[in-house]
Amino acid sequence: ALAARDAPSTQPALDAEFSRANAAAAAAPGAAAAFEARALGTAAGRFDLEDDLETAKPGGPAGLHWRTRLGLHAWYGRGSFADAVAAFDDAVSLGRARPPRPGKRRGEGAVSAQYALLKAATSTRGDAAACLDAFGHGEVCGGALHAWHLALTLRSIGACAVDDEMVRKLGADVIERLCAGGAWHWALFAIAATFDDAETRAALARDLLCRHARGADASDASFGVLKPGANAQAAEAEKAYELRRAFCAAGLGCPESWLELALATRAGLTG
């Protein structure tokens with residue numbers, strides 16, 4: 001029957017099979033009968049039993065995850081994918097399906113970024129704010145890393161009207177977090193990707209290098225000269241710095257004068 005779903009006789013046959021299985025499950029309750037009724041209902045594009053399960057016990061173990069429920073609408077429903085999304089939205093608004101939340105790590109009421117992207121695909125003007133909501137990506141405390149990557153992608157392909165200010169805001173958060181983690185070379189990459197104006201990029205890059213780019217210097221080892229392995233640690237730190245410096249120069253086109261200025265500034269601060 002599923003191979004000929006569009007045939008005129010298919011839907012009535014599926015409806016009849018669902019009615020038979022539903023009546024049998026009601027007359028003789030059991031796991032097997034209930035499963036058959038749910039399966040045939042789904043094949044018929046009838047989600048009555050799924051609605052009842054979610055309504056009776058919202059979020060219960062017998063109900064469906066929002067991705068599964070949306071998938072059923074898309075696969076077994078009638079019409080386009082936009083129709084499936086609309087039907088799923090209606091079910092959510094009536095409490096018959098679970099709302100599309102991003103997961104356990106989320107802000108209260110956040111909509112999953114995955115769902116926001118799917119909705120954007122059904123519209124000529126996607127909701128960029130919903131797609132880029134950091135909590136919608138499951139980020140703890142609203143970290144913007146994934147949202148920033150997505151913003152750059154959406155802006156490059158023109159899928160959503162991504163505001164430049166939104167990109168800069170997300171980029172600033174990413175840059176700050178990278179610097180805090182010692183990944184100043186990747187923060188320099190984030191500056192290059194986020195800001196379009198050349199003068200702005202140059203000013204931010206020079207400031208970042210002067211504050212964060214550093215090799216192993218005397219101040220790092222001043223309290224560890226008597227510790228075993230201190231010299232080896234300093235050598236590893238210097239090697240790591242040289243690799244990052246090479247990446248900035250070759251990969252990002254960072255002028256050597258900026259890197260030298262950063263070292264001179266560091267030397268002046270540490271004496």
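Predicted model: local features only at pLDDT ≥ 70, side-chain atom pairs only at ≥ 80, totals over all residues.
**Entry 1**

Which residues of α1 are buried? I found T10, L14, F18, A21 and A25. They lie on the same side of α1, because they cover an arc of only 70° around the axis. I noted the background: an α-helix has 3.6 residues a turn, so residues three or four places apart point the same way.

I then turned to the other side of α1, where A26 and A27 are exposed. For this I took buried as under 20% relative accessible area and exposed as over 50%.

**Entry 2: the length of α1**

I checked the span of α1, which runs over residues 10–27. At 1.5 Å a residue, its 18 residues should span 26 Å.

I looked next at the second largest pocket, which holds about 200 Å³ of space. Its lining is made by 17 residues, and those closest to the centre are G45, F47, R69, H73 and A87.

Which elements give two or more residues to this lining? I listed α3, α4 (66–76) and α5 (81–93). Of the elements, α5 gives the most, with four residues.

Conventions. Residues numbered from 1 in each chain as written. Heavy atoms only, no water. Expected span 1.5 Å × (residues − 1). Buried < 20%, exposed > 50% of the residue type's maximum accessible area, 1.4 Å probe, protein only. Arc of directions from axis to C-beta. 1 Å grid on protein atoms, 1.4 Å probe; cavity = no way out; pocket = protein on both sides within 12 Å on 5 of 7 lines; lining within 4 Å. Points joined across faces, edges and corners; volume = space filled by probe spheres on them.
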